[in-house]
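Hi everyone, thanks for making time this morning.

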Amino acid sequence: MNEKSPLAVEQEGSIAWLILNRPEKRNAMAMDFFDELRRHFAALDKDPEIRVVIIRADGESFTAGIDLMALAPLLQGEGASFREALKKEIVQLQEGIHAVERCRKPVIAAVHSHCIGGGVDLLSACDIRMAIRDAVFDVRETKMAMIADLGTLQRLPYIIGQGHFRELVLTGRNFSAEEAQRMGFITHLCEDRDSLYGEARSVAEEIAGCSPLAVQGAKEVMNYSRDHGVWAGFEYVAQKNAAVLLSEDLMEAFNAFVEKIPAEFKGN
């Protein structure tokens, strides 16, 4: 019998809950986790009914990070051909995390307990992060004689700034949910998992109530501007708005404003 998938999806209206589903291993990330992450986010990106994705986890921990035992075979070999193959495997793992950021739908992470190593890579690719007070984060790769290679080194400094970022990476130390909030890594701090998921749902519903054309376009422009610079970002947003402005959603927004009623956006 095949092992169960490390991820599960539950749909709640226009919100998809992507659930880390390996609680018996503290949601440690093996190879199939990254394959499934890529597959699920490709499907969520294409699904017109989904407007927001929330990532949460079952079990005692959000994630213990990379499953080193499961990935051990990747580290057994020698020679140039082995190292080239290893590079390709790392790139494949990266693609799983990239799929989170490339998804046009906003992604919210709702974190409890431990979020270690690869978990920070995952969160750094999300748009919004929130946690409960017991959450503990750790970019621990330097303590494991490794270099973080799934996105933390590229994305995290844009979220928290170079000062905090370099200290956390170079020391590999734990940092608490309160510290994560002070540095801007998380934006909502909740008391327990029920309130955390309620807050995540509330933010997701507010996003889902906006025009999906505008929300998805804004995410694309934010990522493009980060990667290509301010002036290229201006050119890109002009092009993007020229494509989006003449929409049924815009007329719906105008009519709702005039009539003082909530807008019902269709994404057209």
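Let's start with R133 and E178, which form a salt bridge whose closest N and O atoms are 3.3 Å apart. By salt bridge I mean a side-chain nitrogen of Lys or Arg within 4 Å of a carboxyl oxygen of Asp or Glu. This pair links distant parts of the chain, 45 residues apart: R133 is in the loop between strand 6 (128-132) and strand 7 (136-138), and E178 is in helix 7 (residues 177-182). Helices (H or I, at least four residues) and strands (E, at least two) are DSSP runs, numbered from the N terminus.

A word on where this comes from: it is a predicted model, so local features need pLDDT of at least 70 and side-chain atom pairs count only at pLDDT 80 or more, while totals for chains, interfaces and linings use all residues. Residues are numbered from 1 along each chain as its sequence is written, and side-chain values use heavy atoms, with hydrogens and water left out.

How accessible are R133 and E178? R133 counts as partly exposed at 38% relative accessibility, and E178 counts as partly exposed at 28%. My cut-offs are under 20% relative accessible area for buried, over 50% for exposed, and partly exposed in between, using a 1.4 Å probe and protein chains only.

The second pair is K4 with E24, whose side chains meet in a salt bridge at 3.8 Å, N to O. K4 lies in the segment before strand 1 (7-12) and E24 in the loop between strand 2 and helix 1, so the pair ties together parts that are 20 residues apart in sequence. K4 is partly exposed, with a relative accessible area of 46%, whereas E24 is exposed, at 54%.

Then there is E167 with R173, where the closest N and O atoms of the salt bridge are 2.9 Å apart. Salt bridges that share partners also join E101, R155, R226 and D227 into one network. How many salt bridges are there by this rule? The count comes to 19.

Now to I97, which sits in helix 3 (residues 80-102). Is I97 buried or exposed? I97 is buried, with a relative accessible area of 0%. Leaving aside residues up to four places away in sequence, I97 touches F34, L37, D121, L122, A125, L150 and R155; contact here means heavy atoms within 4.5 Å.

R22 is in the loop between strand 2 (15-20) and helix 1 (31-46). At 16% relative accessibility, R22 counts as buried too.

**The whole protein**

Stepping back, the protein has 11 helices and nine strands. Of its 268 residues, 44% count as buried. Among contacts between residues at least 6 apart in sequence, 69% join residues at least 24 apart.

As for dimensions, the C-alpha atoms fill a box of roughly 65 × 45 × 40 Å along the principal axes. A compact globule with 268 residues would have a radius of gyration near 18 Å, and the protein has 20 Å, which agrees. That radius is taken over C-alpha atoms, and the globule rule is 2.2 Å times the number of residues to the power 0.38.
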